[in-house]
Amino acid sequence: MILLSFDIEEFDMPLEYQGVIPFEEQISVSRKGLQNILRILKKQDVKGTFFSTVIFAEENKDLITELLAQGHELASHTWFHSDFKEEHLAESKQKLEELFNTEVTGLRMPRMMPVSEKAVADAGYIYNSSINPTYLPGRYNNFKVSRKPFWQGKVIQFPASVSTMFRVPLFWLSFHNFPLWLYKSLSKISLNSTGFLNIYFHPWEFNDISDPNYKLPGYTFKNTGKEMEIRFENFIIWAKKNNYEFGTIRNFLNNQNVKKN
């Protein structure tokens, strides 16, 4: 099964590179991208999981309502994308449930930040998909972490997918920068090895983010916008032809016998 997930958030990445982008533009860029995602998923009749910040959700209630009506899962991406306090774990879960009358059982930390698993459990989450089991200088050092779901305390850890050899991350940047045939090949090998593919994207990837004012490195916006829409739909069609199924993370984990450590 392929688990498509999307971290829907205010597009504040330019601020990491000393770029300029007002808050209203951060929201509008991600809003347009989310509209493109929902259109493609509806056309292809596949379901996914959306990890939303409260800030983005409050500004886009109509789109969150729409994605829930289409059968997608809503999960938490905490309150803000670039400001985190431990109390945001419980507060964001409660606020999303209150705003949209849905159960929120999953968490993904912004930028896959480490977080206290006791705090995650105390906040009421069932699973946490905030681990990229690879090594990236200055970002992740999880090369020895299991590639399959596992319990940590009272919470299921659901790692993002990586290749079997050398643990090359199959996340959004590799989807943009690898030749699509190579990405498909690595995905197929990973699927055969673990039985699933857990990959994540962002709504702003489905919009044009090449504005020089953002000061983004070229590799972050290569094949974004319309090119991303084409590649993404191509990938879904390829997966269907290979008889892979799609679903939400919550439903997938509910049907797994995840082993205790």
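## Salt bridges

A salt bridge is taken here as a side-chain nitrogen of Lys or Arg within 4 Å of a carboxyl oxygen of Asp or Glu. By that rule D12, E16 and R111 are linked in a network of salt bridges, and the structure holds 10 salt bridges. This is a predicted model, in which local features need pLDDT of at least 70 and side-chain atom pairs count only at pLDDT 80 or more, while totals for chains, interfaces and linings use all residues. Residues are numbered from 1 along each chain as its sequence is written, and side-chain values use heavy atoms, with hydrogens and water left out.

Helices (H or I, at least four residues) and strands (E, at least two) are DSSP runs, numbered from the N terminus. R108 counts as buried because its relative accessibility is 0%, and D7 counts as buried at 3%. Buried means under 20% relative accessible area, exposed over 50%, and partly exposed in between (1.4 Å probe, protein chains only).

Two salt bridges lie within helices. In helix α6, D122 and K118 are four residues apart, about one turn of the helix; their closest N and O atoms are 2.7 Å apart, and both residues are exposed. In helix α10 (residues 226-241), K226 and E229 are three residues apart and meet at 3.7 Å, N to O. K226 is exposed, with a relative accessible area of 53%, whereas E229 counts as buried at 9%.

## Surroundings of H77

H77 is in the loop between β3 (73-76) and α5 (87-100). H77 counts as buried because its relative accessibility is 1%. Its side chain makes a polar contact with the side chain of E9 at 2.9 Å. The backbone oxygen of R108 lies 2.7 Å from a polar atom of the H77 side chain. A polar contact is a pair of N or O atoms within 3.5 Å; within protein, one must be able to donate a hydrogen and the other to accept it, and residues adjacent in sequence count only if both atoms are side-chain atoms.

Leaving aside neighbours within four places in sequence, the residues in contact with H77 (heavy atoms within 4.5 Å) include D7, E9, F51 and R108.

## Strand β2

Strands pair if DSSP finds at least two bridges between them. Strand β1 (residues 2-8) is joined to β2 by four bridges, and the two run parallel; β2 and β3 also run parallel, joined by four bridges. T49 in β2 is the bridge partner of S5, and E73 in β3 is the bridge partner of T49.

In a regular strand the side chains alternate between the two faces of the sheet. In β2 (residues 49-52), T49 and F51 point one way and F50 and S52 the other, and all are buried.

## Aromatic pairs

The whole structure has 19 aromatic pairs. Rings of Phe, Tyr and Trp (its six-membered ring) pair if their centres lie within 6.5 Å; planes under 30 degrees apart count as stacked, over 60 as edge-to-face and the rest as tilted. F158 and F196 form a tilted pair, 5.0 Å centre to centre with 45 degrees between the planes. Both F158 and F196 are buried.
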